[in-house]
Amino acid sequence: QVHLVESGGGLVQAGGSLRLSCVASGRTIRNVRMGWFRQAPGKDREAVATISRSGIGTVYADSVKGRFTISRDNAKNTLYLQMNSLKPEDTAVYYCTAAMYGTNWDYWGQGTQVTVSS
């Protein structure tokens with residue numbers, strides 16, 4: 001029902017910054033809860049940040065608080081993740097996700113690789 005495409009990943013040195021984008025197509029993401037997850041090799045997929053349907057509420061993993069910022073631009077049908085002060089432990093594939101109807105994450109992008117070197 002909705003197609004999500006992430007972009008903006010890459011290779012950066014520790015302390016650097018990246019901005020990830022997730023463009024949704026197929027329907028508007030207005031009034032849709034959105035989020036970013038990540039998965040590192042050998043680890044489970046974990047929630048990084050989520051944003052409420054209203055855009056007012058945000059939730060961050062403790063490991064990224066103060067460094068990452070999730071935001072949305074409904075006019076562009078796009079979700080963003082600004083990542084500052086990156087650490088090697090942030091290295092992972094980052095996935096965009098959407099909850100169309102409630103709690104469950106119904107749709108996922110294919111992911112974008114973020115690699116942070118020491």
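Predicted model: local features only at pLDDT ≥ 70, side-chain atom pairs only at ≥ 80, totals over all residues.
**Entry 1: Thr-78**

I started at Thr-78, which has its place in strand β8. Buried or exposed, I wondered of Thr-78? Its relative accessible area comes out at 5%, so Thr-78 goes down as buried, the cut-off being under 20%.

Next I looked for a polar partner. A polar atom of the Thr-78 side chain sits 2.8 Å from the backbone oxygen of Lys-76. Then I listed what Thr-78 touches, leaving out residues up to four places away in sequence: Ser-21, Cys-22, Val-23, Ile-29, Arg-72 and Asp-73.

**Entry 2: the sheet around β8**

From Thr-78 I moved on to the strand that holds it, β8, which spans residues 78-83. β8 pairs with β7 in the antiparallel sense, and I got six bridges for that pairing. Across from Met-83 in β8 I found Phe-68.

Which strands make up the sheet, and in what order? I read off β1-β3-β8-β7, four strands in an open sheet with antiparallel pairing. β1 (3-7) and β7 (68-73) are the edge strands, each pairing on one side only. I also checked the twist, and from one strand to the next it averages 15°.

**Entry 3: salt bridges**

How many salt bridges are in the whole structure? My search turned up four. The general idea is that side chains of opposite charge can pair when their charged atoms come close.

I took Arg-38 and Glu-46 to begin with; their closest N and O atoms are 2.8 Å apart. Arg-38 is buried at 6% relative accessible area, while Glu-46 counts as partly exposed at 35%.

Arg-38 also bridges to Asp-90, with the closest N and O atoms 3.0 Å apart. I wanted to know where these two sit: Asp-90 is in the loop between β8 and β9 (92-99) and Arg-38 is in strand β4 (residues 33-39), so the pair ties together parts that are 52 residues apart in sequence. Asp-90 has 0% relative accessibility, so I put it down as buried.

Which residues are linked in a network of salt bridges? I wrote down Arg-38, Glu-46, Arg-67 and Asp-90.

I also looked up Lys-65 and Asp-62, another salt bridge, where the closest N and O atoms are 3.1 Å apart. Asp-62 counts as exposed, at 64% relative accessibility.

How values were computed
Residues numbered from 1 in each chain as written. Heavy atoms only, no water. Pairing = 2+ DSSP bridges. Axes fitted to C-alpha atoms, helices over the stretch in contact; angles between N-to-C directions. Buried < 20%, exposed > 50% of the residue type's maximum accessible area, 1.4 Å probe, protein only. Polar contact = N/O pair within 3.5 Å; in protein donor to acceptor, adjacent residues only side chain to side chain. Contact = heavy atoms within 4.5 Å. Salt bridge = Lys/Arg side-chain N within 4 Å of Asp/Glu carboxyl O.
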